[in-house]
Amino acid sequence: MIFVTVGSTDFDALVEAVDRLCAPGGLLAGYEVEMQIGEGRYIPRHAPYFRFAPALDPYYDRAELVIAHGGLGTAVEVIGRGRRLLAVANPDRYDHHQEDLLSTLAEAGHLLWCRDLRRLEEYIGLALRFSPTPYTCPPCDIPRIIQEHLRRRRRPTSSRKEERR
């Protein structure tokens, strides 16, 4: 199954491009394709779709390939499962932060980054043969930093007063 997701906003250009490839005679005709279209206005004609789901985990787990926008949450969820991810940065995002993220993850071999929707068909062909480099979440110090902060705040009031002197 090929799963397409655009996250919590919209990315009509991506949904429409994949839908065209699902039409009879298209690269994805005959493939099982399902699309999550978020708030998008384009309605796919050649593949089943839904707007939102409580969780996308079941779709990721079934997919041999995920085609997605360049959101951090989606990227980490997909590559963390060792799934093939073909990502496309949504050019409508205000600061183009998705391009920075996708560039880093693509350089590390965790995903394929399609920089131009006109080349989506070519990239899908590559992605179906792609063997991603396994991704491991980097260590996170946030819980330790919060615990240290809370521990410092729990000091007796008198000691804090002495520190200020």
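Modeller: Happy to, starting with the surface: Ile142, Ile146 and Leu150 form a nonpolar patch with about 270 Å² of accessible area together. This is a predicted model, where local features need pLDDT of at least 70 and side-chain atom pairs count only at pLDDT 80 or more, while totals for chains, interfaces and linings use all residues. Residues are numbered from 1 along each chain as its sequence is written, and side-chain values use heavy atoms, with hydrogens and water left out.

Colleague: Why is Ile146 called partly exposed, and why is Pro54 called exposed?

Modeller: Buried means under 20% relative accessible area, exposed over 50%, and partly exposed in between (1.4 Å probe, protein chains only). Ile146 has 45%, so it is partly exposed. Pro54 has 92%, so it is exposed. Pro54 is found in the loop between strand S3 (49-50) and helix H2 (57-62).

Colleague: Why do Glu32 and Arg62 count as a salt bridge?

Modeller: The term asks for a side-chain nitrogen of Lys or Arg within 4 Å of a carboxyl oxygen of Asp or Glu. In Glu32 and Arg62 the closest N and O atoms are 2.7 Å apart, so the pair qualifies. Glu32 lies in the loop between helix H1 (12-22) and strand S2 (33-36) and Arg62 in helix H2, so the pair ties together parts that are 30 residues apart in sequence. Glu32 is partly exposed at 45%, and Arg62 is partly exposed at 45% too.

Colleague: Which other pairs form salt bridges?

Modeller: The structure holds 8 salt bridges. Among them, Arg81 meets Asp57 with the closest N and O atoms 2.8 Å apart. That pair links distant parts of the chain, with Arg81 in the loop between H3 and strand S5 (84-88) and Asp57 in helix H2, 24 residues apart. Another joins the side chains of Arg119 and Glu122 at 2.7 Å, N to O. Salt bridges that share partners also join Asp57, Asp61 and Arg81 into one network.

Colleague: What lines the largest pocket, by class?

Modeller: Its lining has 5 nonpolar, 9 polar and 3 charged residues. Ala, Val, Leu, Ile, Met, Phe, Trp, Tyr, Cys and Pro count as nonpolar, Asp, Glu, Lys and Arg as charged, and the others, Gly among them, as polar. Of the 17 lining residues, Val6, Gly7, Ser8, Thr9 and His69 lie nearest the centre of the largest pocket. Helix H3 (72-80) and helix H4 (97-107) are the elements that give two or more residues to that lining.

Colleague: How is a pocket defined?

Modeller: On a 1 Å grid over the protein atoms alone, a pocket is an open set of points where a 1.4 Å probe fits, with protein on both sides within 12 Å along at least five of seven lines; lining residues have an atom within 4 Å of a point.

Conventions:
Helix = DSSP H or I, 4+ residues; strand = E, 2+ residues; numbered from the N terminus. Patch = residues over 30% accessible without salt bridge, like charges linked within 9 Å, V, L, I, M, F, W, Y side chains within 5 Å. Areas by Shrake-Rupley, 256 points an atom, 1.4 Å probe, with all protein chains shown as cover.
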